[in-house]
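Some notes on the model follow, as numbered points. They cover accessibility, salt bridges, helix packing, backbone angles and a surface patch.

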Amino acid sequence: MEDVESKASVTSKEAAIEEVPEEISKKVKDQKEETSRVNVEVLDDEETARTEQPVYQIRPQLHEKFKPLSAKEVIHNVLFDQLSAKIYDAEEAVQWTKDIADTIREKIKDLKFKHYKYIVNVVLGEQHGAGVKIGTRCIWDAEADAYAYDSFLNVRIA
């Protein structure tokens, strides 16, 4: 029922326009054309706005991928610089781990790998012949994500 009523009302409006003198009819037609032009312009602007929206890239380009060898070199240098002259002290080791982790994170950020978040884990312990086992789990994209690690051992620090 509603479809029939709406079609009838449109038809009756068009018939009323035809009965109006030619000058008024011409103005109404001009307004219709102007309205259609405005609608077309608005549609064009909406299409342009859609194409200019930011495009989000989930994975890095090949040249932007994380390079574990570069990161390992940074880690190795920081560990050597920070720990080579120190003697293990359990109380100071807490601050050392924080400082080392912060330094590694900042130097890795300086390598400017885009689209990555970094997790830096530092474990310090005194070497007494006991072993340490650490396990971690994470969810990642095997094609884009990677890791780097290094160990530092000397007579005083493990």
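1. Burial classes come first: a residue is called buried under 20% relative accessible area, exposed over 50%, and partly exposed in between, with a 1.4 Å probe and protein chains only. By that scale E143 is exposed, at a relative accessible area of 55%. The model is predicted, so local features need pLDDT of at least 70 and side-chain atom pairs count only at pLDDT 80 or more, while totals for chains, interfaces and linings use all residues. Residues are numbered from 1 along each chain as its sequence is written, and side-chain values use heavy atoms, with hydrogens and water left out.

2. A salt bridge here is a side-chain nitrogen of Lys or Arg within 4 Å of a carboxyl oxygen of Asp or Glu. The count by this rule is five. One of them joins R59 to E143, with the closest N and O atoms 3.2 Å apart. R59 sits in the loop between α2 (22-51) and α3 and E143 in the segment after α4, so the pair ties together parts that are 84 residues apart in sequence. Helices are DSSP runs of H or I with at least four residues, and strands are runs of E with at least two, numbered from the N terminus. R59 is partly exposed, its relative accessible area being 42%. R59, D141 and E143 are linked in a salt-bridge network.

3. E64 also forms a salt bridge, with K114; the closest N and O atoms are 3.8 Å apart. E64 belongs to the loop between α2 and α3 and K114 to the segment after α4, so this pair ties together parts that are 50 residues apart in sequence. Is E64 buried or exposed? E64 counts as buried, at 13% relative accessibility, whereas K114 is partly exposed at 48%.

4. Another salt bridge pairs D102 with R105, with a closest N to O distance of 3.2 Å. Both are in helix α4, three residues apart, which means a separation of about one helical turn. D102 is partly exposed at 37% relative accessibility, and R105 is partly exposed at 29%.

5. The axes of α3 (residues 68-83) and α4 come within 10 Å and cross at roughly 145°. Axes are lines fitted to C-alpha atoms, for helices over the stretch in contact, and angles run from 0 to 180 degrees between N-to-C directions. On the α3 side the contact (heavy atoms within 4.5 Å) involves A71, V74, I75, V78, L79, Q82 and L83, and on the α4 side W96, I100, T103, I104, K107 and I108.

6. N154 lies in the segment after α4 and is buried, at 18% relative accessibility. Apart from neighbours within four places in sequence, N154 is in contact with L83, S84, K86 and Q127.

7. Two backbone angles deserve a check. Most residues other than glycine have a negative phi. K112 has a positive phi, near 60°, and H115 has a positive phi, near 65°. K112 is in the segment after α4 and is exposed, at 66% relative accessibility. H115 is also placed in the segment after α4 and is partly exposed, at 44%.

8. What forms the nonpolar patch on the surface? V123, V132 and I134 do, with about 300 Å² of accessible area together. Patches consist of residues with over 30% relative accessible area and no salt bridge, where like charges are joined within 9 Å and nonpolar side chains (Val, Leu, Ile, Met, Phe, Trp, Tyr) within 5 Å. Accessible areas come from the Shrake-Rupley method with a 1.4 Å probe, and for residues only the protein chains shown count as cover. I134 lies in the segment after α4 (90-110) and is exposed, with a relative accessible area of 53%.
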